[in-house]
Amino acid sequence: MRTSTRIAGVLAGLSLTLGGASLAAPAVHAAPADVSACINQVERELKGGEAPASVRASCYIAVTGAQDECVSGLTEGAGVTKGTAEAACKLGAE
């Protein structure tokens, strides 16, 4: 096999690999925005500044898809109403 053919093959493979990584990268960055939306929803109800660590933990749980755990964490741990907790956890999962 000629050297120029090998180089072209390596470059083509590299560009496909990097192109795939750049397409997957936005999905990785979506989680923090979802967590932020969940936290913001709770903060609107609390009307008292920044959400406590228990709210942040519950919103991170929502991102994994564990809606029931998120809702119970917000209602029991942070004293948020069930309606707000459900809405916030739904935002966190999106």
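Predicted model: local features only at pLDDT ≥ 70, side-chain atom pairs only at ≥ 80, totals over all residues.
Glu 50 is found in the loop that joins α1 (3-46) to α2. Apart from residues up to four places away in sequence, Glu 50 touches Glu 43 and Arg 56. Its C-alpha atom is separated by 9.0 Å from that of Asn 40, which is 10 residues away along the chain.

The chain as a whole contains 4 helices and 0 strands, and its elements run α-α-α-α from the N terminus on. Of its 94 residues, 24% count as buried. Among contacts in the chain with a separation of 6 or more, 49% come from residues 24 or more positions apart.

Helix α2 spans residues 53-63. Its buried residues are Val 55, Ser 58, Cys 59 and Ala 62. These residues cover an arc of only 100 degrees around the axis, and therefore lie on the same side of α2. An α-helix has 3.6 residues a turn, so residues three or four places apart point the same way. The face of α2 turned away from the buried side carries the exposed residues Ala 53 and Tyr 60. After α2 comes Gly 65, which has a positive phi, near 70 degrees in the case of Gly 79 after α3 and near 100 degrees in the case of Gly 65 itself.

Ser 58 lies in α2 and belongs to the buried set of that helix. With a relative accessibility of 5%, Ser 58 counts as buried because the limit for burial is under 20%. Neighbours within four places in sequence aside, Ser 58 is in contact with Cys 70, Gly 73 and Leu 74. Cys 70, Gly 73 and Leu 74 are themselves among the buried residues of α3.

Two packed helices are described by the angle between their axes and the distance between the axes. For α2 and α3, the axes come within 8 Å and cross at roughly 165 degrees. The two helices are therefore roughly antiparallel to each other, since angles over 145 degrees are assigned to that class. The crossing of α2 past α3 is left-handed. On the α2 side, the contact involves Ser 54, Val 55, Ser 58, Ile 61 and Ala 62, which meet Gln 67, Glu 69, Cys 70, Gly 73, Leu 74 and Gly 77 of α3. By class, the residues of this contact divide into 5 nonpolar, 5 polar and 1 charged.

Helix α3 comprises residues 67-77. Cys 70, Val 71, Gly 73 and Leu 74 are its buried residues. Because they cover an arc of only 160 degrees around the axis, they are on the same side of α3. The exposed residues Asp 68, Glu 69 and Glu 76 are carried by the face turned away from that buried side. Of these, Asp 68 has a relative accessible area of 69% and is therefore exposed. Asp 68 and Cys 89 are 21 residues apart in sequence, with a C-alpha to C-alpha distance of 8.7 Å. Cys 89 is one of the α4 residues in the contact of α3 with α4.

The crossing of α3 past α4 is right-handed. In this contact, Gln 67, Cys 70, Val 71, Leu 74 and Thr 75 of α3 meet Lys 82, Ala 85, Glu 86, Ala 88, Cys 89, Lys 90 and Ala 93 of α4. The contact has 7 nonpolar, 2 polar and 3 charged residues. Gln 67, Cys 70 and Leu 74 of α3 take part in the contact with α4 and also in the contact with α2.

Key:
Residues numbered from 1 in each chain as written. Heavy atoms only, no water. Buried < 20%, exposed > 50% of the residue type's maximum accessible area, 1.4 Å probe, protein only. Left-handed = near helix turned anticlockwise from the far one by under 90°. Contact = heavy atoms within 4.5 Å. Nonpolar A, V, L, I, M, F, W, Y, C, P; charged D, E, K, R; others polar. Arc of directions from axis to C-beta. Axes fitted to C-alpha atoms, helices over the stretch in contact; angles between N-to-C directions. Parallel < 35°, antiparallel > 145°, perpendicular 65-115°, else oblique.
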